[in-house]
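Work through the exercises below with the sequence and the 3D view at hand. Try each task before reading its solution.

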Amino acid sequence: MNSKPLNIVIATRESRLALWQAEHVQALLAARGHQVSLLGMTTLGDQILDRTLSKVGGKGLFVKELETALEDGRADIAVHSLKDVPMELPEGMLLACVMEREDARDAFVSPRHARLQDLPQGAVVGTSSLRRTVLLQALRPDLRIEPLRGNLDTRLRKLDEGQYEAIVLAAAGLKRLGLQERIRCEFDEAQMLPAAGQGALGIEVRAGRSDLIEALAPLVHQPTWLRVAAERAVSRAMGGSCSMPLAAHAVLKGEHLHIAAAWGDPEARTPLVRASQSGLATTLEQAEALGQAVATQLRERGAH
Ligand SMILES: NCc1[nH]cc(CCC(=O)O)c1CC(=O)O
């Protein structure tokens with residue numbers, strides 16, 4: 001049964017990807033009879049383009065302004081790339097919906113080379129992600145990893161200008177923007193384990209807005225939610241930041257969840273620490289327990 005039609009304002013960043021995601025949710029809610037408009041905002045994370053985000057407070061900078069709009073009542077819901085959402089939401093906020101996951105993998109993008117293996121010795125690869133840095137260093141210790149910030153279009157432009165031989169981006173963002181032809185190959189998960197939540201969208205609301213939680217219920221994809229709950233539990237147990245050199249990726253086969261994680265030290269260049277767990281996961285609590293067990297294993301093996 002459809003919930004009561006509501007007027008819903010979506011708070012969103014104004015990058016092309018963020019707008020695509022907000023419009024996607026807008027269309028799905030409008031198809032269910034709701035009146036939906038967008039409130040575009042520029043966040044601190046969008047303004048700081050000259051420094052690596054992990055040095056200036058992490059990716060939470062992309063969501064804080066949107067949360068303020070929810071608190072003020074200027075907006076009702078915020079649509080996020082779940083990868084950018086801090087593990088602990090502020091008091092009074094909750095994740096009301098996790099939608100079906102797009103491709104969770106990382107993509108290799110390069111004008112001249114088809115695969116990471118084909119890059120010449122010492123080639124410059126662009127990424128500002130600590131996770132991608134440690135995974136790339138493990139695969140190809142010879143590469144020079146250089147910082148690369150900005151929205152997707154900016155990153156692709158910097159590649160095209162010749163500042164890098166290749167860059168690594170989430171396949172999901174490229175696909176959503178119709179840029180899939182830029183993908184030379186996708187890394188399989190054994191090579192380049194994705195970030196917690198990569199490829200999934202989450203919708204945040206003020207706690208107590210049961211009208212919105214009900215309206216969003218038809219957009220929930222429970223298998224994705226179980227997977228990302230496990231992944232985010234690894235991050236949370238490892239300290240909660242979304243800008244750690246940490247990968248966590250879960251797959252679900254029926255009611256059986258398998259989660260793998262990797263951690264690396266970007267300075268020490270020691271081998272990656274890896275851990276994995278499998279088990280029954282029919283509830284978010286079970287999924288989170290598997291993620292916590294993986295984090296414990298990682299720490300026992302030297303991750304910090
Ligand atoms: N940190 C930026 C960001 N946040 C979400 C995505 C991609 C889309 C997604 O993971 O849902 C990206 C771009 C990237 O990592 O290449």
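Predicted model: local features only at pLDDT ≥ 70, side-chain atom pairs only at ≥ 80, totals over all residues.

**Exercise 1. Domains**

Find which domains the assignment gives for the protein chain, and how far apart the C-alpha centres of domain 1 and domain 2 lie.

Solution. 
- Step 1. The domain assignment divides the chain into domain 1 (1-100 + 200-220), domain 2 (106-186) and domain 3 (221-304).
- Step 2. Between the C-alpha centres of domain 1 and domain 2 there are 28 Å.

**Exercise 2. Strand E3**

Decide whether strand E3 is enclosed or open to the outside, and find its pairing partners.

Solution. 
- Step 1. A residue counts as buried if 20 or more other C-beta atoms lie within 10 Å of its own.
- Step 2. In strand E3 (residues 77-81), 5 of the 5 residues are buried, so the strand is largely enclosed by the rest of the structure.
- Step 3. In a regular strand the side chains alternate between the two faces of the sheet. In E3, Ile77, Val79 and Ser81 point one way, while Ala78 and His80 point the other way.
- Step 4. Strand E1 (residues 7-13) runs parallel to E3 and is joined to it by 2 bridges. Here Ala11 is opposite Ala78 of E3.
- Step 5. Strand E10 (residues 201-206) runs antiparallel to E3, with 5 bridges between them. Ala78 is opposite Glu204 of E10.

**Exercise 3. Ala18**

Describe the surroundings of Ala18: is the residue buried or exposed, and what does it touch?

Solution. 
- Step 1. Ala18 lies in helix H1 (residues 16-30).
- Step 2. Within 10 Å of Ala18 there are 23 other C-beta atoms, so the residue is buried.
- Step 3. Leaving aside residues up to four places away in sequence, Ala18 touches Thr12 and Arg13.
- Step 4. From Ala18 to Val79 is 61 residues in sequence, but the C-alpha atoms are 7.9 Å apart in space.

**Exercise 4. Gly126 and its sheet**

Locate Gly126, list its contacts, and describe the sheet around it.

Solution. 
- Step 1. Gly126 is part of strand E6 (residues 124-126).
- Step 2. With 22 other C-beta atoms within 10 Å, Gly126 is buried.
- Step 3. Not counting residues up to four places away in sequence, its contacts are Glu146, Leu148, Lys158, Leu159, Gln163, Tyr164 and Ile167. The C-alpha atom of Arg155, 29 residues away along the chain, is 8.6 Å from that of Gly126.
- Step 4. The open sheet has 5 strands in the order E7-E6-E8-E5-E9, and its pairing is mixed. Strand E7 (144-146) and strand E9 (185-186) are the edge strands, each pairing on one side only.
- Step 5. Between E6 and E8 there are 2 bridges in the parallel sense, and Gly126 has Ile167 of E8 as its bridge partner.
- Step 6. Helix H4 (residues 130-139) packs on this sheet and touches strand E5 (106-109), E6, E7 and E8, at about 170 degrees to the direction of E7. Helix H5 (residues 152-160) also packs on the sheet, touching E5, E6 and E8, at about 165 degrees to the direction of E8.

**Exercise 5. The sheet of E11, E12 and E13**

Work out the strand order of this sheet and find the helix that lies across E12 and E13.

Solution. 
- Step 1. The 3 strands form an open antiparallel sheet in the order E11-E12-E13.
- Step 2. Strand E11 (246-253) and strand E13 (273-280) are at the edges, each pairing on one side only.
- Step 3. Neighbouring strands here are turned by 10 degrees against each other on average, direction ignored.
- Step 4. Strand E12 (residues 256-263) is joined to E13 by 8 bridges, with Ala262 opposite Arg274 of E13.
- Step 5. The helix is H9 (residues 284-300), which runs at about 155 degrees to E13.

Conventions:
Residues numbered from 1 in each chain as written. Pairing = 2+ DSSP bridges. Helix = DSSP H or I, 4+ residues; strand = E, 2+ residues; numbered from the N terminus. Axes fitted to C-alpha atoms, helices over the stretch in contact; angles between N-to-C directions. Contact = placed C-beta atoms within 7 Å. Domains from an automatic or database assignment. Buried ≥ 20, exposed ≤ 12 C-beta atoms within 10 Å, placed from the backbone.
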